[in-house]
Amino acid sequence: MPTETFTEERHALTIESKTIGGDAIEGKSIRANIPSGDLADKWQNFKDHAGLVSPANRKKLRVIVVGTGLAGASLAATLGEMGYQVLSFCFQDSPRRAHSVAAQGGVNACKNYKNDGDSIYRMFYDTIKGGDFRAREANVYRLAECSRLLIDQAVAQGVPFAREYSGYLNNRSFGGVQVSRTFYARGQTGQQLLLGAYQALMRQVNAGTVKLYAQHEMLDLVTIDGKAAGIIARNLLTGEIERHAAHVVVLATGGYGKIYYLSTLAMGCNASAIWRAHKKGAFMASTSWIQFHPTSLPQLGEHQSKLTLMSESLRNDGRIWVPKKQNDSRAPNDIPENERDYYLERRYPSFGNLAPRDISSRAAKERIDAGYGVGPQKNAVYLDFSHAIKAQGKKKIAEKYGNLFDMYRKITGIDAYEEPMMISPSAHFTMGGLWVDYDLMTTIPGLFAAGEANFADHGANRLGANSLLQACVDGYFIAPYTIANYLSNKIKTELPSASHQAFNEAEANVKAQLDMFVKIRGDKTAETFHKELGRLLYDYCGLSRNRDGLKTAIKKIRDLKDEFYARLMIPEEAITLNIELEKAGRVADYFEIGELMCYDALTREESCGAHFREEYQTPDGEAMRNDDDFRFISAWEWNNGQAPILHKESLEFESVKLAERSYK
Amino acid sequence: MKLRLKIWRQDSATAQGMFKTYTLDNLEKGMSFLEMLDVLNQQLVTKGERPVVFDHDCREGICGTCGMMINGRAHGPIGGITTCQLHLRSFNDGDELTIEPFRAKAFPVIKDLKIDRSAFDRIIASGGYISASTGSAPEANSILIPHDVAESAFDSAACIGCGACVATCKNGSAALFTSAKISHLAKLPQGRAEARARVVKMVEQMDKEGFGHCTNTEACEAECPMGVSVLNIAQMNWEYNKALLLGA
Ligand SMILES: Cc1cc2nc3c(=O)[nH]c(=O)nc-3n(C[C@H](O)[C@H](O)[C@H](O)COP(=O)(O)OP(=O)(O)OC[C@H]3O[C@@H](n4cnc5c(N)ncnc54)[C@H](O)[C@@H]3O)c2cc1C
Ligand code: SF4
Ligand code: FES
C-alpha cells in the first residue's frame, strides 16, 4: 500500500490565503488513501497486500492506546494478543467505566438473521443515506462488511445478547432503516459489549502484554520529526506529569458532545486528547456535525448536570405527539386523541416515529419553538405508550423496556405506564472528530484515531446502533491491520527517547499551562464557564444555525474565553489530586473547539444531516443539501489561534447515486 | 429545601479524616444528590476552599463509578439505585445527612469520598474472561443459548462494579461481585471450558486482595443497585467445590 507516499504528500500541503466564510482560510484538497478495486473488494485488497510484522518483532514495538471504551479496549486487547507492547490509558478509575458503558439500544450487524432482505450493500446504503451522502463510500462499506464479525466475536466473549426461545439470536429495528439488524442485550448493550472488551483487555494485562494507566489524562501529543512519538499524561491521583514514548499513538478518546455541558455524555468526557493532537498538526474534520438525540429527558432544573438518554428503541412502540393547541397546560391524559398532533407521523408517513435522529430532533425543536412544547419548562414533547400497552399488554412492554421505564421513574418520579414520557433533544454524538484516512491514520504519521474520536463512517448524521459497531470494528478488526501496515517498515526503528528535546518541550508547556491556571485565582469556577459556553453553543451552533448567529457566537466565545483566563478560580496547587484543575484544562480546550465548530458550520453553506443552516431549507422546512458546492469533508488545520485553515477532501460516489434524503 | 450535610473530609490516603458540616439552602426537590454536591463544591471553590472529592462519571447508574454511604446505607435510602440516581425528593426539608466513603479494607480511601477499587480490576484480570482472541470466533448462531439461559447470564452480567456489596458487608467480602462474573461466564456454553480454572483463580485473587469471607448475611443483595442475586454466590461455591474435587 502506498502509505508513505501519501504521508509525504500530506506534508506538502501548502496554504493559499483565500478567505472564506468568516475569516477562515482556504487550504488545499486532501486524499484519503483509499485502496483500488471495486467497493466490495477494497478491504480485502488492502489486507491481501498490507505490510505485516512478524510475531518476534511485535514485542519490540510499543503502541500507546489512549481510551478504554469500545474502540480503545478492543484495540489494546487485540494488539496485546498479537504480541505488541501496549500502554493503555483512561481517565476513569477502571477501564470498564468508559462511556461506551452507557449505550443502551444496540449494535447493528447485517447478519440477515431475520431474512428480511438485509445485506452488506443494504447496510452500507442505509448508512450512506442516513449520513446524508457526506461519508466516504469505502469506509462505510468496510463498516458494514466487518459488522458480521463483531457479533461472532462478542458472542464468543460471552456477551449475553437477547435470544429467541429456540436459542437463536434476536434482533430489533432501529430508527432510519426498514430491516431488523440491531442486536441488543436488554437496555445495556454498551455495557455488555464493553465488559467483553474490558475482560479481553484485563486478560492481556494479566498476560503482561498490556500495561494499564487508569486515572491518567493525556495532556499532549509528542511528535519527533513530524511523527507521533508519545504522549504527556497527568497522573490524576498525584498530579504528576509523566512522559510515555511509543512507535504508534492511538487516540480512542470518544466524543466531545459534553462541550454543550448538558448532554448525554459522562461528566468526564472531553476533547482534550484530540484537541491537543490537533494543535500538534492533526486535522479536525466536520467539527460541527453533532447529533442531537431525540429521546433524552428534558432539562428540568437550573442545576441539572446531564440529560439522561431514553433509548431510541422506545420509538418502536412509543408514539410522539404534542398538543394541537399552543401552551396547552392540561395534563397529557386529559388531552383527547383528536387534539393531539402526532407530528412525525404527519410529516413523515412512511417512517413515522422511526424517522432518523436528526429529522426527529429538528421536528421536535420546530414544535417546541412554535409554542407547542410540554412539561414544566415547555421544552419537551410526549412519547406515549398507551396504544402499545393496549395492543400488546403491559407485560410485553415491560419486558421490552422495563429498565427504561424504571429509570424514567427514578429520575422524574413519573410512571410512564400511566402517563406519556416527556422527551427532548439533547447533544449526544459527535460525527466530527480527527480527520483520518482509510487506515484510520491522522495527518500526523503514526497517530491513529479510532471510535467516536475520528470523523469517519457516519457522514453528517449517525444511524442509531452504528457507533458501538464503529468503535468495535475500528478496534478489533481495522486498526490492528492498518497499524501493522504502518509499523511493517519500522521494525528497526528504535523506540523514541522520552528524554528527547520534544518531550522536554511538551512537558514544560503542559506544566506551564497548569501553573498558569492555578495562578489566576479569580472568582469563577471552570464549571460556570462550561455552562455558559454550553448555552451559547445550544443557541448558536445547535440543532439549527445561521450565518449571523455563528458570527456572533465566535465573538462571544472569544469574550468568554478571555474572561476565563482572567477570572478562573482553582483552590489547590497543580501537583495533587485536583478536580478543578482537570475541569479547567478541558474547558480551556472547549473554547477553542467551540470556535472551530462555528467556523465549520459557517463555511458549510448547505444543510445536510445534523447540520441545519436556516438559510438553506425547502419551503416545508426540510434540509437543502448542495452537492455541487459542498460534496466534501471539511478538514481543519490549526493556525496558532488565528482563523483556521480549511482543507477539503472531495467525496466521490461510485456505487450510489446521490439522492434527496427523503423519509416521507 | 434546606439540608445539613455531615461530610467525611480526608486530605489524602495517609491523612486523618473527619466530618465537616455544611448547610445548603434553596435546593430543589428535583435535583439529584450529586447535583447537590456540585452546588456545594461551586460554593466552596468560589470561596477558594478545597472542593469535596467524590467518584462519579456517567450519572445515569451504569458506569459504577459513584458510591457513598448516606446515613449509613450504600447508595442512600432507596433500594435498587446508584448514588447518582438518588434525588432530593427522597429527603425532607431540614434533614441532616451523613455522607461517608464506601469503607472496606480492600478499598482504601484516596481523598474525601473517593476510594481505590482497583482490587476489582485485578480480580477480573485473574480469570474473569473467556479466552477468545480476536479472530477466533465461530459464527454467532452456531452457539445456541436458550432464552432463559441468556437472560439468567445477563442477570449476573449486569453488575456495574460499584462496590456497594463490599461496603455493606460486615466482613468486607467481595463474594457478590466475584460470583456475579463467575456465574455469568459459567452459565454460558462458551464459558464452560475455562470454568474450573477461572473460579479457582478468581477466588484466590479475591482472598489475596484482603476482602473478607462471606458468612451469608445477604446484606449485599439488598444494597446492590443492579439486583445481583446471592444465588450467584451459591453458584460460585458450587463451581469452586467442583473444581477442587475434579481439579482445576
Ligand atoms: C447515553 C448514550 C447512549 C448511546 N447508545 C448507543 C447505542 O445504543 N448504540 C450505538 O451504536 N451507539 C450508542 N451511543 C454511542 C456510542 O456509545 C459511542 O459512540 C461509543 O461507545 C464510543 O466509544 P469510544 O470507544 O469511541 O469512546 P468512549 O467509550 O467514550 O471511551 C473514551 C475513552 O477515552 C478515555 N479518554 C478520553 N479522554 C482522555 C484523555 N484526555 N486522557 C486519557 N483518556 C481519555 C476515557 O477514559 C475512555 O476510556 C450512545 C452514546 C451515549 C452517550
Ligand atoms: S454486585 Fe451489585 S453492589 Fe456489588 S459491585 Fe456489582 S453492582 Fe455493585
Ligand atoms: S456516576 Fe455512573 S453509576 Fe453513578
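How many residue pairs are in polar contact across the interface of chain A and chain B? The legends below take up that question first, and then move on to the inside of chain B and to ligand 2. Please keep in mind that this is a predicted model.

**View 1. Polar contacts and salt bridges join chain A and chain B.** Here is the reply to the opening question: 47 residue pairs are in polar contact across this interface, with both partners at pLDDT 80 or more. Seven helices of chain A, namely α4, α6, α7, α12, α13, α15 and α17, each supply at least two residues of the side that touches chain B. The most comes from α7(A), with eight residues, and this helix spans residues 189-207. Sorted by class, the chain A side has 28 nonpolar, 28 polar and 19 charged residues.

**View 2. D93(A) meets R117(B) in a salt bridge between the two chains.** The N to O distance for this pair is 3.0 Å. Six salt bridges are found across the interface of chain A and chain B. If you step back to the whole interface, 75 residues of chain A are in contact with 74 residues of chain B. Together the two chains bury about 6200 Å², and 52% of that area is on carbon and sulfur atoms.

**View 3. Domain 1 and domain 2 of chain B share an interface of their own.** Domain 1 covers residues 3-111 and domain 2 covers residues 118-246. Their centres, taken over C-alpha atoms, are 29 Å apart.

**View 4. R73(B) and E223(B) form a salt bridge.** Their closest N and O atoms are 2.9 Å apart. Between domain 1 and domain 2 of chain B, the count is one salt bridge. One residue pair is found in polar contact across this domain interface, again with both residues at pLDDT 80 or more. On the side of domain 1 that touches domain 2, the classes come to 10 nonpolar, five polar and three charged residues.

**View 5. Residues of chain B surround ligand 2.** Among them are the cysteines C159(B), C162(B), C165(B) and C224(B). The surroundings also include F120(B), I160(B), L176(B), P225(B) and M226(B), along with G161(B), G163(B) and A164(B). By class, this shell has 10 nonpolar and two polar residues, and no charged ones.

Key:
Residues numbered from 1 in each chain as written. Chains lettered and ligands numbered in written order. Predicted model: local features only at pLDDT ≥ 70, side-chain atom pairs only at ≥ 80, totals over all residues. Heavy atoms only, no water. Domains from an automatic or database assignment. Contact = heavy atoms within 4.5 Å. Salt bridge = Lys/Arg side-chain N within 4 Å of Asp/Glu carboxyl O. Polar contact = N/O pair within 3.5 Å; in protein donor to acceptor, adjacent residues only side chain to side chain. Nonpolar A, V, L, I, M, F, W, Y, C, P; charged D, E, K, R; others polar. Near = heavy atom within 4 Å. Buried area = accessible area lost by both parts, 1.4 Å probe. Helix = DSSP H or I, 4+ residues; strand = E, 2+ residues; numbered from the N terminus.
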